[in-house]
Amino acid sequence: MIKQLVTKDIEKELAKIGFDSAYRYKASDKYKYKLLKLFDLSVAQANIIKQTALACGSDCAVHREVITGKIEQSNAILGGSFSELKKIAEKLKHQPFSLSNLADEIFEQLLMPKRVTKLAGILNITPNSFSDGGKYFNPKQACEHFYQLIEDGADIIDIGAESTKPFAEPVPDEIQIERLKPVLEEIKKGDFSVSIDTRSSKVARFALEHGVKFINDVSGMEFDPLIADVVSEYGAGIIIQHSKGKTEDKPVYNDVVEDVYLSLANKLEYAKSKGIENIILDVGIGFGKKKEDNFELLNRIEEFQSFNVPLMLGISRKSLLGECDNELKDVLTLALSYPLIQKGVDYLRVHNVKLHRQLLNLVG
């Protein structure tokens, strides 16, 4: 009899068959596998990595013209067990052409920490948000809902004073500030984790002056280029979301996962160059993506953990769930959230915090 083994705890499985406990930890690396895509290698780098991988019992796929030298650069796919990849990285440490730096990156990919999902509760203080527009527009109702989200188990509250739903008109900075002011004045009495969902550097500055520690920019710092400078000035954190075109646009991607990945890589590098250290990335589900694009990103979300920074996902009540009422959308959101929790997504941005906290307690 034989069966396929699917587990993230190979050490436990080795113990169950009576494998030597003294060697169990080291041996487990032989049974864990990873595929890595390497970008923009020179021909020399590609050839050395290819030969090193083969020497370690693994392989590295490169462009067919690498061997002829007819091209200047090649991407590559390096695969193997953790044990093989560690051997490859050790050997690359002693190679020229900056391959020692690549070796460090390979080691980093093998040492990813265990991720525990947290919940970001959504508080829209707008009259026209797609799900609950107008429901918490009154400052008193907004503050009551804020405290309810905390009681329901939110780790952070994301407050938005401008709807970014399809075809929504931009809201002037002054109006966003006017909406935020009474809420921020109230909640600053407590020690709460709050992010402000805004694309505006002026609104961001107002929020940071009122004790907010995170800015959530759905435009990925493109709507207002000054926002990165403001976040850096206050030593705050930023949530950088990918979006392409307007929310209602449906752009065409060559490869949605790779296109979004490379875009976020550039934004991450830019934010770091501005001195921002606390960064969360968001692939931007529903922002300039077709339904199939959204699900491809969700199915391959683990690839974005290669950045080694926290990931946030917002799928709650979005149009990819179909046309139905909020109660059913919350159930569908929960269904999609379960595999994301299993994959270690760091933050889920949700409307129904209580339901998701119950799920986390159940599977935790």
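Me: At what angle do helix H4 and helix H5 pack?
Reply: This is a predicted model. H4 covers residues 82-92 and H5 covers residues 99-110. Their axes lie 8 Å apart. The packing angle is about 155°.

Me: Are H4 and H5 roughly parallel or roughly antiparallel to each other?
Reply: The two helices pack at about 155°. Angles over 145 degrees count as roughly antiparallel. H4 and H5 are therefore roughly antiparallel.

Me: Is the crossing of H4 and H5 left-handed or right-handed?
Reply: The axes of the two helices are 8 Å apart. H4 passes H5 in a crossing that is left-handed.

Me: Which residues of H5 does H4 meet?
Reply: H4 brings Phe82, Leu85, Lys86, Ala89, Glu90 and Leu92 to the contact. The residues of this contact divide into 9 nonpolar, 1 polar and 2 charged. On the H5 side they are Leu99, Ser100, Ala103, Ile106, Phe107 and Leu110.

Me: Which residues have the most contacts inside the largest nonpolar core?
Reply: This core has 67 residues. Helix H10, residues 256-273, gives the largest share, 7 residues. The residues with the most contacts inside the core are Ile159 and Phe304.

Me: How many residues are in the second, separate core?
Reply: Its members include Leu36, Ala53, Ile71 and Leu99. Leu99 is also one of the H5 residues that meet H4. The second core has 24 residues.

Me: Is Thr52 buried or exposed?
Reply: Thr52 lies in helix H3, residues 43-55. Its relative accessible area is 7%. Buried means under 20%. So Thr52 is buried.

Me: Leaving aside neighbours within four places in sequence, which residues is Thr52 in contact with?
Reply: Thr52 belongs to H3. One of its partners, Leu92, is also among the H4 residues that meet H5. With sequence neighbours within four places left aside, the contacts of Thr52 are Ile88, Lys91 and Leu92.

Me: Where does Asn308 lie?
Reply: Phi of Asn308 is near 60°, a positive value in a residue other than glycine. At 34% relative accessibility, Asn308 counts as partly exposed. Its place is the loop between helix H11 (291-299) and strand E10 (311-313).

Me: Does Arg317 count as buried or exposed?
Reply: Arg317 sits in the loop between E10 and helix H12 (326-342). Its phi is near 60°, a positive value in a residue other than glycine. Relative accessibility is 12%, so Arg317 counts as buried.

Conventions: Residues are numbered from 1 along each chain as its sequence is written. This is a predicted model: local features need pLDDT of at least 70, side-chain atom pairs count only at pLDDT 80 or more; totals for chains, interfaces and linings use all residues. Side-chain values use heavy atoms; hydrogens and water are left out. Axes are lines fitted to C-alpha atoms, for helices over the stretch in contact, and angles run from 0 to 180 degrees between N-to-C directions. Helices (H or I, at least four residues) and strands (E, at least two) are DSSP runs, numbered from the N terminus. Angles under 35 degrees count as roughly parallel, over 145 as roughly antiparallel, 65 to 115 as roughly perpendicular and the rest as oblique. A crossing is left-handed if the near helix is turned anticlockwise from the far one by less than a right angle, and right-handed if clockwise. Contact means heavy atoms within 4.5 Å. Ala, Val, Leu, Ile, Met, Phe, Trp, Tyr, Cys and Pro count as nonpolar, Asp, Glu, Lys and Arg as charged, and the others, Gly among them, as polar. A nonpolar core is a set of buried Ala, Val, Leu, Ile, Met, Phe, Trp, Tyr and Cys residues joined through side-chain atoms within 4.5 Å. Buried means under 20% relative accessible area, exposed over 50%, partly exposed in between (1.4 Å probe, protein chains only).
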